[in-house]
Amino acid sequence: MYVLFAASPMLVTSQGGEKRVCPEKGEEEEGDLPPKRPRVQNDQKNGGQSHQDEEEEPEGNGSEGEDGEEDGETFADMMKHGLTEVDVGILKFVSDHEGFSGILKERYSDFVVHEINKQGKTVQLDDLSIPPEVEQQQTDESDVLTEEQKQQLGELQLFKNKEGNVSIEVEDDTKEKRTLIHKAIKTQFPGLETKTEEREGHKFIVAYHAAGKKALAAPRKHSWPKKRGSFCHFVLYKENKDTMDAINVLSKFLRLRPNLFSYMGTKDKRAITVQEIAVLKITAERLAHLNKCLMNFKLGNFCYKNHPLKLGELQGNHFTVVIRNISGTQEQVQQAMTSLKETGFINYYGMQRFGTTAVPTHQVGRKSWWQNCETLLFVFSEKGYLVRCREEWAKTQDPEAALKKLPIKRCVEGQLLRGLSMYGKKNIITAFGLIPRNNRLMYIHSYQSVVWNTMVSRRIEAFGLKAVEGDLVLRGGTAHHLTAEEAESHSIHDIVMPLPGFDVIYPSHHVGKGYREMLSADGLDIDNMRHKVKDYSLAGAYRRVIIRPSDVSWEVIQYDDPKISLVHTDVEKLEDKPAPVFNTEGKYRALRMEFSLPPSTYATMAIREVLKMDTSIKNQTQLNTTWLN
C-alpha cells in the first residue's frame, strides 16, 4: 500500500527577525478540503495569494522550540544540503535573454504584496478611522475611565505593570456603572479580563491579563445591533509574519478562537503584505485598539458586512519586488522585463512548495506507510532537539518511549508517535490521521507538484512555446486534446497540463506517457489513484503552462545604503512619511518591479524568469552571505 507524501513550505530567503509584544502562538487552524473535481488551478484553496509564494500553512513540522528559537544547526548550515530547482523539476526558461544576478528578499520590505479582491480592486490600507455608528459608542464608554486609569491599563496591557493588575474603585456603585467599566476596559484594552471584588465594603473592578485556556475561551456575548452586518471586514497590514501567525496573535489579544477569522488567501512571512480579513461579531472599535499595542501590524478600512470571506475568492495579488545588487546592464534588464510582460513565465510550483528540510522531502511521497514512519521519525535529523527522540526510536521502535524523549509534543513527529502509541504499529493509516490534515494534504500536493514541474519541463523541451497536436486545452472546464489543425489556432498560453489524479486526462503525445513512467518508477499506479482514505484520493487538476503577468512596470534604482528601504509602504503613506528618494548614481543598483498575478501562481517563478537564477533557499542564502560578507 502506498501514499503520496512530501513536506511543508519554505521561505525564499533565510534572514529575518521580528518585533512583537505578544510572543505566544495560538492553535493553528486547518484549511478546507480541496475540490474533488478537476479544475484549472487559478482560484483555489488559500487564494493562491498568487500564493505570494506560500500556498498552505501546515502546523509546525517540529521546526521551532517553544520560545521560537531554533535548536541545533543554524538555518544557513541546514540549507547547505537543501533542495535546488533541478531537484523538483524546475529546468526551463521562456526567453533567451542573458540572465543576471541579484539578491531576492535581502530585506523583508523588498517584497510587498497587495491582495486583489474579487471585484478586481487592489486592497490598500489607507483609512484607520472607525465607522460612524461605532464612534459614538467609543466616546460614551471612554468617559467612564479617567486618563490616569487609561494610562495604568495601557501599561498593564503592555506587560509594564509589575503588580500584574489594576484596581478601579466604583464610586457610584450601580450595576449599570460597573457594566460600563467592564465593557470599556475589555473594548479599549484587548487582552485584559476583568472581575468585581468587594474590599471593606467598597466595590472594585480588577483588570488583569487573561492567560492559558481562558484566553481562548469564547468572549461574553454583548448585544449586537440587528441592522449591523455580522462580520467586521478590515484590512490587515503586516510585516515579517505569515497569515496564520498574525491570526493567532489577533486571537490571543481579542480572546477569540482563530476560526472566527476568515480570509481569501495566505500570505508569506518574509514580506510586507496587505490583505482583507473578516471576523464574526467583533466591533471595529475593539480591532482599532489593537493598533496601540501590536508592533508590525496595522488594522484599518473597517466596515460591516453580512458574509465572511472565503478561501480562493480573490482575483490575485499585486507585487512590488526589489532585487538588490543586480549585475545586469540596462539593456539586459529591458530585455528581461519586456519578455516577462509580453510572453510571461513557466507556471512552475515554486521552491517553497517542497519544504525546508535537509532531505529532499517530496521523495517521502514515494514510500510505503511504514517507510514514511521511518523517514519522519529517523531520517529528518537536522534538528538538535529531535536527536534523543530519534535515537530512542531507532533503538526500540517504541512510540511511547520515543515520545517521552521529545520536548515539543505538537510537532509532526510528536503527533505521529502519539498516533502509533494509541493505535499500534499495525494501524499506521489511522496513526497518520493524527498528523494535522493540512500537513497530510500538503504532503500529497507536494508530490503532485514535482510531477507537474517535471512533465512541463519535458513538454517545453520537446515542443517549445507553441501549441502542438496532443496538447490539452480547456473548453467549458473540460479538458480537450488538440488536433493538428486546432493547434494552429491556439497559443502556448492556452495549454494546460494535469496534476496526476483519478479524474484527469493526459496529453496524447509522448509527454503524456511520461506521467505513467514517472509514477510507475515511484511504485504508483496512474490507473488506480483512488484511495480508501478519502484525503489521499485526489481527482487531479489542470494548470496553465505559461502565465503572463498584468500591470507590469519596472525601474532601475541607484542607492548607497544597503539598509535603506526602497518601497513606500501603506503605513508610511498614512503617517505622511516621504517616499524614498533615489540617487542618479550610487554604489549599488536595484531592480524594482511591479506586476499582478492570478491566484495559485508563484511570484518567485516570475522573478526566476527575469534573473535566470536558481531561486532555491540554498542558493539565495549563499548569495546573501557572499554579499553581506
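**View 1. Ring pairs link Phe111, Phe319 and Phe595 into a cluster.** The model shown is predicted, with local features requiring pLDDT of at least 70 and side-chain atom pairs counting only at pLDDT 80 or more, while totals for chains, interfaces and linings use all residues. Residues are numbered from 1 along each chain as its sequence is written, and side-chain values use heavy atoms, with hydrogens and water left out. Across the whole structure, the search finds eight aromatic pairs, where rings of Phe, Tyr and Trp (its six-membered ring) pair if their centres lie within 6.5 Å, and planes under 30 degrees apart count as stacked, over 60 as edge-to-face and the rest as tilted. Phe319 and Phe595 form a stacked pair, with 5.5 Å from centre to centre and 25° between the planes. This pair links distant parts of the chain, since Phe319 lies in strand E10 (residues 316–324) and Phe595 in strand E18 (residues 588–597), 276 residues apart; helices (H or I, at least four residues) and strands (E, at least two) are DSSP runs, numbered from the N terminus. Both Phe319 and Phe595 are buried, a term that means under 20% relative accessible area, with exposed meaning over 50% and partly exposed in between (1.4 Å probe, protein chains only).

**View 2. Tyr506 and Tyr515 form a tilted pair.** The ring centres of Tyr506 and Tyr515 are 4.8 Å apart and their planes stand at 55°, so the pair counts as tilted. Tyr506 is buried, as is Tyr515.

**View 3. Arg324 and Asp110 meet in a salt bridge.** The closest N and O atoms of Arg324 and Asp110 are 2.7 Å apart, and the structure has 17 salt bridges in total, each being a side-chain nitrogen of Lys or Arg within 4 Å of a carboxyl oxygen of Asp or Glu. The pair links distant parts of the chain, with Arg324 in strand E10 and Asp110 in the loop between strand E1 (103–104) and strand E2 (111–116), 214 residues apart. Arg324 counts as buried because its relative accessibility is 0%, and Asp110, also at 0% relative accessibility, counts as buried.

**View 4. An open sheet of three strands has the order E3-E5-E4, with antiparallel pairing.** Strand E3 (165–169) and strand E4 (192–199) stand at the edges with a single partner strand each, so one side of each has no neighbour in the sheet. The twist from one strand to the next averages 25°. E3 pairs with strand E5 (residues 202–209) in the antiparallel sense over five bridges, where pairing requires that DSSP finds at least two bridges between two strands; Asn165 stands opposite Tyr208 in E5. Helix H3 (residues 147–157) packs on the sheet, touching E3, E4 and E5 (contact means heavy atoms within 4.5 Å), and its direction makes about 160° with that of E3. Axes are lines fitted to C-alpha atoms, for helices over the stretch in contact, and angles run from 0 to 180 degrees between N-to-C directions.

**View 5. Lys195, Glu197 and Arg199 are linked in a network of salt bridges.** The side chains of Lys195 and Glu197 meet at 3.4 Å, N to O. Lys195 is partly exposed at 37% relative accessibility, and Glu197 is partly exposed with a relative accessible area of 26%. Lys195 also lies over the face of Tyr208, at 5.3 Å from the ring centre, by the criterion that NZ of Lys or CZ of Arg is within 6 Å of the ring centre and within 35 degrees of the ring normal.
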